[in-house]
Structures are given as C-alpha cells and as structure tokens.
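Dear colleague,

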Amino acid sequence: SRAIKTNQDLLPETPWTHIFYNDFWGTLLTHSGSHKSYRPFCTLSFRMNHAVGGMDPWGYHFVNVLLHAAVTGLFTNFSRILFGDGYWTLIAGLLFASHPIHTEAVAGIVGRADIGACLFFLLSLMCYVKHCSTRGSSPSTWGWILGAGLCAGCSMLWKEQGVTVLAISVVYDIFVFHRLKIHQLIPAFYKRKNLTLFFSIALLTSWGTALLGVRLYWMGNKPPSFSNSDNPAADSDSLLTRTLTFFYLPTKNLWLLLCPDTLSFDWSMDAVPLLKAVSDWRNLHTVAFYAGLLLLAYFSMKGSSNERECNGKTVMNGKQNANGHSFHSEMEYKTLEVKSGFASKEENGIKKHEMQKLQLPSTENIVILSLSLLIVPFVPATNLFFYVGFVIAERVLYVPSMGFCLLVTVGVRALYVKAQKRFLKNLVFCSTAALIVFYGLKTVVRNGDWQNEEMLYRSGIKVNPAK
C-alpha cells in the first residue's frame, strides 16, 4: 500500500525528480521517519506502470514476470561460462526458474526491487566477464569494465544489495578467470603480468567505495530506525541473545533455500523465537552450518589433492598444462558434453588438448564463486554491520539463490562424474529432475497464497500466529 497505492511519487502531477530525493515509500530521505530504502529505479518503474494502466494490478504483475524471465535467461547464460554447453547449464537455469523462494519477489509486486537489482547485478557481472576475456588484447576491455561499474550502480539504485556485485566480480577474476589458490595470492602480487588484474580490482574497489559513500551521504548520514516488533533481536538488551540469534538466522535462511516447505510473507515478532541461552538446541544447527561452510570453503580454496605446483605451473596426474591452468579429468570432460570446447588427438603417443574456447573452470573454482554468490549479497541482511527492519525476508534471498543453484548443480555434477555404474548416474540425474519438479509444484502452490490479502494472511498464521 505505501509503495504504490499511497505513494505520491507515482502520480503524474508529482515531478518525477522527487523520486530521487524520496525513499521507496515516498518519504523524504532526510526525514526522521524515513525507512532509508533508496530504490529510485524501482519506484520509477512503478510510475511507468501507473502511467500505462493506473492501479490495475495486471500490468504490475506482468512486468515482474518479464523481469524474472530475463533474470533467468541471464543467469542461465552466465552458467554456460561455468558449465559449458550441456544439460548442467540447463539444470542450473531450471533450478533458478522454479525455486519457490522467488515467489515473494515475483508474485509480490514490491519484490520487483530484488528482481531489478538481480537483473543489473548479472549484467554487471557479464560485462566484467567480457572485460576479463578481452583484457590485454583489445582496447574495448575498459569499455566493458565501465559498463560493469555503471550496471553495478543501476543495480544499487534498484536495491541496496546490488552493489555487492563488485565483490563477486573480484572473486570471479581471482578464483575463476585466473584460477588462483589461496597460497598463490601473495606471490601473485609480485608478478608483473598480474598488474592488469590488480588494476581492475583497484578500479572495482574505488567505484564500490564511491557508491557507498554517495549512498550514505544522500540518505543524510544516518541509519534508519525500525519498530521493535520488526526485529526483536536487534532490540534485545542481552548481547548473548543478539549474538546467538544473529548467528542462527543465516542457518534458517539456508534451510529455506534447501527445503522451502514452510514459507511466510511475515517473519517478524516471535516467528523465529530468540536464542537466549547457549543450551538452546538450535545452536547445534548454527555450529553445523558454519562448520560445513568453512570446510567447503577451505577444501575449495586449497584445491584438489592430486594437483601440485611444478615450476609455477599446475600439474595434474603427471600432465602439465602449458598455460598453467589445471584440466578436468577425462571422464568429467566426457560428461560435460562441451560442444567443440576441447579437441583431443593422439600425437606421438601423447594425448593433447587444444583449446578453441576458454577452458572451463574446475569444480573447486565454481564452488568458491557459488559460495561468494550465496554469502556476499546476503551480508547486508545479516545485521552484522547495521540493523535491518526484518528477521527473515524471503525476497532478499532472490540474488543469493543464484549461488545456491550453482552449488547444487556443481554438487550434482560431481556425484554424476564420480558414479561408476550407469544405475547410479541415472539415479543422480533422476533425483535432480525430481527436485526441479517438486520445486516447481511448490511454486505453483505458493502462488495461490498470493492471490488476495486474506489468503496471504491465512498462509502466514502457522508461522506468525501472534501477528
């Protein structure tokens, strides 16, 4: 209601420039009661909807669905860079398209902020990918990094978390494009050939700092204030309660991505009871979550056990890659089904690979990027740096779900590659197909809850009966 129905910025008699001085709800940013949610591009899209169809909800929903379709297409295209042409890319795209966690962002009109931010998030990332592939060989490479910066700024003007794409671009450059490991980062600083890499990272860092500085200045250099019921943990006087609860909430969010059985439009008040003591059994979930996350990140950054360094170049199973990058196993290449990605031939009794395209990143590299996509865009919602006006909000998982979908896909691919028997391979593939089907069915059911306000409130009674 506040974002559209009573928002004066949508009316034609209101100067459109007011959008850039007001928050998402039409309140002046410097006002003491402002929510400080600065999303002018999203408000501008609402104004355009209003100009075309007034308050008829059909047009608003249609734009949301079109944006979700565009994001799904861009995400699938980005997945091709990681998985190549084949069914693994298709699986990643289908997982994203069908995930029930997206229902709030797509079916709820104000969720457009997250979809629009994700659209320009991916455009920025794709521009930076082009910058990496043309760096040092084409003068247009700096045009691509300029495009990446502009799209990152647009993403932030759709929703604040869009600026995190700059950090994801850095991770892509270091761990996917250059395929560096943790122990190689410091030596890489002293190599002249890496000057362009660090110059690109410096540009991204400077641009991100500038965007955040302007954003803070524009909203009056003051954080927003929220109702106690919106985020009870932030209002707690106990440091232990705040700490245990805030560490637990990411675990709850991951469970919503993994098993979106119970979804709600409102997780405020006591929907997630505060963790007030170390003896609370939910702390076990927290420990398991962070331990698993750290182990996954450690083994991914460390690299495979059958990979070692030889004269500064990577060697796997006794075979050295001429450009210093590690190859996938022969079995993995067969299952990836990359069209003309690598041509192999026998020459003097030695099998050689000729690269006709960029080599696909290893499983470890994809896991690092996936974890970054899962974690970094979610950081603004963790209450670690500033308090937010919600406990859990499914719409904020729209961007992080890309990392989740990539993580599931690379895990399924690893199981498929390691399975020796055809029966096990078929089992992995059919289980993945079943997961996509069940996600899709849950999405259909969840859309029914968003048909009208009464059904939406009824659907949330189980999660938040007090509200």
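**Aromatic contacts and surface**

At 45% relative accessibility, Y298 counts as partly exposed, a class between buried (under 20% relative accessible area) and exposed (over 50%), with a 1.4 Å probe and protein chains only. The model is predicted, so local features need pLDDT of at least 70 and side-chain atom pairs pLDDT 80 or more, while totals for chains, interfaces and linings use all residues. Residues are numbered from 1 along each chain as its sequence is written, and side-chain values use heavy atoms, without hydrogens and water.

Rings of Phe, Tyr and Trp (its six-membered ring) pair if their centres lie within 6.5 Å; planes under 30 degrees apart are stacked, over 60 edge-to-face and the rest tilted. This rule gives 17 aromatic pairs. One of them joins W16 and F20 edge-to-face, at 6.0 Å between centres and 80 degrees between planes. Y298 and F299 also pair edge-to-face, at 5.3 Å and 70 degrees. W16 is partly exposed at 48%, as is F20 at 23%. A single aromatic cluster is formed by F24, W25, F46 and Y60.

A charge sits over a ring if NZ of Lys or CZ of Arg is within 6 Å of the ring centre and within 35 degrees of the ring normal. K425 lies over the face of Y416, at 4.5 Å from the ring centre.

Y21, L28, Y217 and W218 make a nonpolar surface patch of about 460 Å² (residues with over 30% relative accessible area and no salt bridge, nonpolar side chains joined within 5 Å). W218 is partly exposed at 32%.

How values were computed:
Patch = residues over 30% accessible without salt bridge, like charges linked within 9 Å, V, L, I, M, F, W, Y side chains within 5 Å. Areas by Shrake-Rupley, 256 points an atom, 1.4 Å probe, with all protein chains shown as cover. Salt bridge = Lys/Arg side-chain N within 4 Å of Asp/Glu carboxyl O.
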